[in-house]
Every structure is written in C-alpha cells, then in structure tokens.
Amino acid sequence: ELTRFTDILDLLILLNSEERFIAAGMTFVNEIAARFHCTRVSLGWQDSGYIRLQTISHMERFEPKMDVVTCLEAAMEETFDQDEEVLLPQPGSSNVVIRDHSAYAEMQQVKHLLSLPLRNKQQPVAVLSCERDVQPFTEDEIRSLRITCDQVSPRLISLKETDHGIGAQLFAGL
C-alpha cells in the first residue's frame, strides 16, 4: 500500500508540473497505463451534457468522429450517468448497467475494462477508462485507481477551467 501511495504522490508531482490541460491529461493516462499495465487508458470529460474523449494513452491525436471513439464515449457516458465504477467482466453481485461497455469491449476485443468517474464536489465531471487484455483488475488495483482519481481530479479540473485557447481568453476578457 505504501508503494501505491508513493505512486500517487509521484503522479501528482508530474501533473502539478504541467501548465496545460491536454498535457496533464496525456501525462495522467500514460502514467496510469504504465503503472497498472494497461493496453490503453482514456480520459473523457463532460462537455455540454456529453462525455467527449480528451486523451488516449500513447496517442497524440485521434479523430473524434471515428466509430471507436463514439463507442468509447458512449461507454464513458454510461459510467458518468450512473456515477458508478463499471468493471468488465462484471462481478456477479453487481447491478450496474454495462450495455455500452459490453458493446465497446466486443468491438475492440477488450477482455478487461474498468471505467471510473472523476468527481468535483461529489458530482462526476469526467471518466477514466482502463483496458487490459491479459489479467483482470484486482480489488487492490481498483481501490488504488479510485484513490488516484480522487487525488488528481482537483488538478485536472483546475487546468480544464483555466486552459482555454486564445479566442476563449479574449472572449472572457471582453
């Protein structure tokens, strides 16, 4: 457990050194992918009532209109709307809706998928999705990811609120 908490602090140091939201988001998903041995980690953020994919680990750019992106955003919205973690394969005692997660996992042939909400004042604002092909997520890993999301949320929220393009900054100034 001490190692996991040290990892969270190390990640916070990395995120605090970033000045832009997308750079911090890329650092976040790449570090989660490396530390938790994920094949892909994605961060989606609420925008005008929908979750929009912001970053994907190890991908500088992606096309927002791609079918895979749309399907992943739907799965993230499923997590966001329920304000619950979604785990595939689903534990037997869970009654969380997993329709969009199942569709995404089938489309991408993902064996293990975990989506967690990121919250601001107990309200979801974003979703982190982690994918694995080899081994399922353990309870300890899920707990560590939950704590990590809770700890990095304030920094990401702050950057998202203050990181606007030049046009948005001019408009806000006016």
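Reply: Contact here means heavy atoms within 4.5 Å. This is a predicted model, in which local features need pLDDT of at least 70 and side-chain atom pairs count only at pLDDT 80 or more, while totals for chains, interfaces and linings use all residues. Residues are numbered from 1 along each chain as its sequence is written, and side-chain values use heavy atoms, with hydrogens and water left out.

Me: Changing topic, how many aromatic pairs does a search of the whole structure find?

Reply: The search finds one, where a pair means rings of Phe, Tyr or Trp (its six-membered ring) with centres within 6.5 Å, and planes under 30 degrees apart count as stacked, over 60 as edge-to-face and the rest as tilted. The rings of Phe-21 and Trp-45 have centres 5.2 Å apart and planes at 80°, so this pair is edge-to-face.

Me: And are Phe-21 and Trp-45 buried or exposed?

Reply: Both Phe-21 and Trp-45 are buried, with buried meaning under 20% relative accessible area, exposed over 50% and partly exposed in between (1.4 Å probe, protein chains only).

Me: What about Asn-30, which residues is it in contact with?

Reply: Leaving aside neighbours within four places in sequence, Asn-30 is in contact with Ser-57 and His-58. Asn-30 is partly exposed, at a relative accessible area of 21%, and its C-alpha is 9.4 Å from that of Thr-55, which is 25 residues away in sequence.
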